[in-house]
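Visitor: I have just opened this one and would like a walk through it. Could you take my questions as they come?

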Amino acid sequence: MPRFAANLSMMFTEVPFLDRFDAAAQAGFTAVEFLFPYEHPAEEVGERLKRNGLTQALFNLPPGDWNAGEKGFAALPARFADLKQSLDTALPYAKATGVKRLHLMAGIANRGDRLAIEAFYKSVAWAAEFFGPHGIDIVIEPINARNVPGYFLNDFGFSRDVVQELRLPNLKLQFDIYHCQIIHGDVTMRLREMMPIIGHVQIASIPSRNEPDGEELNYPFLFTELDRLGYPGFVGCEYNPRGKTTDGLAWFKPYAGVKP
């Protein structure tokens, strides 16, 4: 049975961020993820996790100036110093939360640019080698161009090749089913092909990015497929609730309370 992690950047936004840990636990989640914790002290985030008996499934490395449109800088040759600094910034949060996987964002760059490709490979390898001694995986995630125009990492095949070519034991693919369906379709076959390198899965309905309870994909089938494939990781609920978060959790009731 899949182990679901509530995404606290998108769910339970009816309450302040630190209170969302309590809300997720009360709703039956045993794990959480979020985009960025850096506006709050690492110790406070860790305390909320511990208080609620929650596992931290994932969070993102610092992306640069998010409000100005930056989406990471791993593929930006001139920003390698920022990339290295971002790892130091994230480490205390990783230690405080006990997280085992961190998402490295590529940034807005042209994937046809040789220098951007070289910068991305260099940054990914550097990040994986930095966090390896801490027992932490680095995951890279293809993101569709409708949500993030110009994002460098916008193809699952290219992402697979990066993971396979670098051959780093703690480098994995973050497989967001929502993004995969928009970019390529044929989600089930891609899951089957890429399962050996998948380190994290995320879900949302397509095309609305709401609760995974309808629209284009048959999520109950995909959840069963993840079990059949032996996927051992978490499934992050990275969706925008249609209304109050708890009003849209009927889909989750069969899975509530499943332990990490």
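Visitor: Which residue in β6 is the bridge partner of Val-139?
Guide: In this model, which is a predicted one, Val-139 has Lys-172 of β6 as its bridge partner. The strands β5 and β6 run parallel and are joined by 3 bridges.

Visitor: What does Ile-197 touch, leaving aside its neighbours within four places in sequence?
Guide: Ile-197 is in contact with Lys-172 and Leu-173, and also with Arg-160 and Val-163. Ile-197 itself is found in the loop between α7 (187-194) and β7 (198-203), and with a relative accessible area of 14% it is buried, because the cut-off for that word is under 20%.

Visitor: How far is Ile-197 from Leu-49?
Guide: Their C-alpha atoms are separated by 28 Å, and along the chain the two residues are 148 residues apart.

Visitor: Changing topic, where does UniProt put the "active site"?
Guide: The UniProt record, an unreviewed entry, places that feature at Glu-141 and Glu-238. The two span 98 residues in sequence, yet their C-alpha atoms are not more than 13.0 Å apart, so they gather at one spot. Both Glu-141 and Glu-238 are also taken in by the lining of the second largest pocket.

Visitor: Is Glu-141 buried or exposed, then?
Guide: Glu-141 counts as buried, at 3% relative accessibility, and its place is in the loop between β5 (137-140) and α5 (156-166). Not counting residues up to four places away in sequence, Glu-141 touches a set of residues that includes His-103, Tyr-151, Asp-176, His-179 and Glu-238.

Visitor: And where does Glu-238 lie?
Guide: Glu-238 lies in the segment after β8 (234-237), and at 7% relative accessibility it counts as buried. Leaving aside neighbours within four places in sequence, its contacts include Asn-7, Glu-33, Glu-141, Asp-176 and Arg-209. Asp-176 and Gln-202 are among the residues touched by Glu-141, and they are also among those in contact with Glu-238.

Visitor: How many aromatic pairs does the structure hold?
Guide: The structure holds 23 aromatic pairs. One of them is formed by Phe-21 and Phe-34, which sit edge-to-face at 6.1 Å centre to centre, with 75° between the planes. Phe-21 lies in helix α1 (residues 20-26) and Phe-34 in the loop between β2 (31-33) and α2 (42-52), so this pair ties together parts that are 13 residues apart in sequence. Phe-21 and Phe-34 are buried.

Visitor: What about Phe-223 and Tyr-255, why is that pair edge-to-face?
Guide: Their planes are at 85° and the ring centres are 5.6 Å apart, so the pair is edge-to-face, given that planes over 60 degrees apart get that name. The pair links distant parts of the chain, since Phe-223 is in helix α8 (residues 219-228) and Tyr-255 is in the segment after β8, 32 residues apart. Phe-223 and Tyr-255 are both buried, and ring pairs link them into a cluster that includes Phe-4, Phe-12, Tyr-239 and Trp-251.

Visitor: Last one, which ring does the charged end of Lys-122 sit over?
Guide: The charged end of Lys-122 sits over the ring of Phe-80, 4.2 Å from its centre. Arg-3 likewise lies over the face of Phe-234, at 4.2 Å from the ring centre.

Key:
Residues are numbered from 1 along each chain as its sequence is written. This is a predicted model: local features need pLDDT of at least 70, side-chain atom pairs count only at pLDDT 80 or more; totals for chains, interfaces and linings use all residues. Side-chain values use heavy atoms; hydrogens and water are left out. UniProt positions are given in the numbering used here, feature names are shortened, and annotations may be inferred rather than shown by experiment. On a 1 Å grid over the protein atoms alone, a cavity is a set of points where a 1.4 Å probe fits but cannot get out, and a pocket is an open set with protein on both sides within 12 Å along at least five of seven lines; lining residues have an atom within 4 Å of a point. Helices (H or I, at least four residues) and strands (E, at least two) are DSSP runs, numbered from the N terminus. Buried means under 20% relative accessible area, exposed over 50%, partly exposed in between (1.4 Å probe, protein chains only). Contact means heavy atoms within 4.5 Å. Rings of Phe, Tyr and Trp (its six-membered ring) pair if their centres lie within 6.5 Å; planes under 30 degrees apart count as stacked, over 60 as edge-to-face and the rest as tilted. A charge sits over a ring if NZ of Lys or CZ of Arg is within 6 Å of the ring centre and within 35 degrees of the ring normal. Two strands pair if DSSP finds at least two bridges between them.
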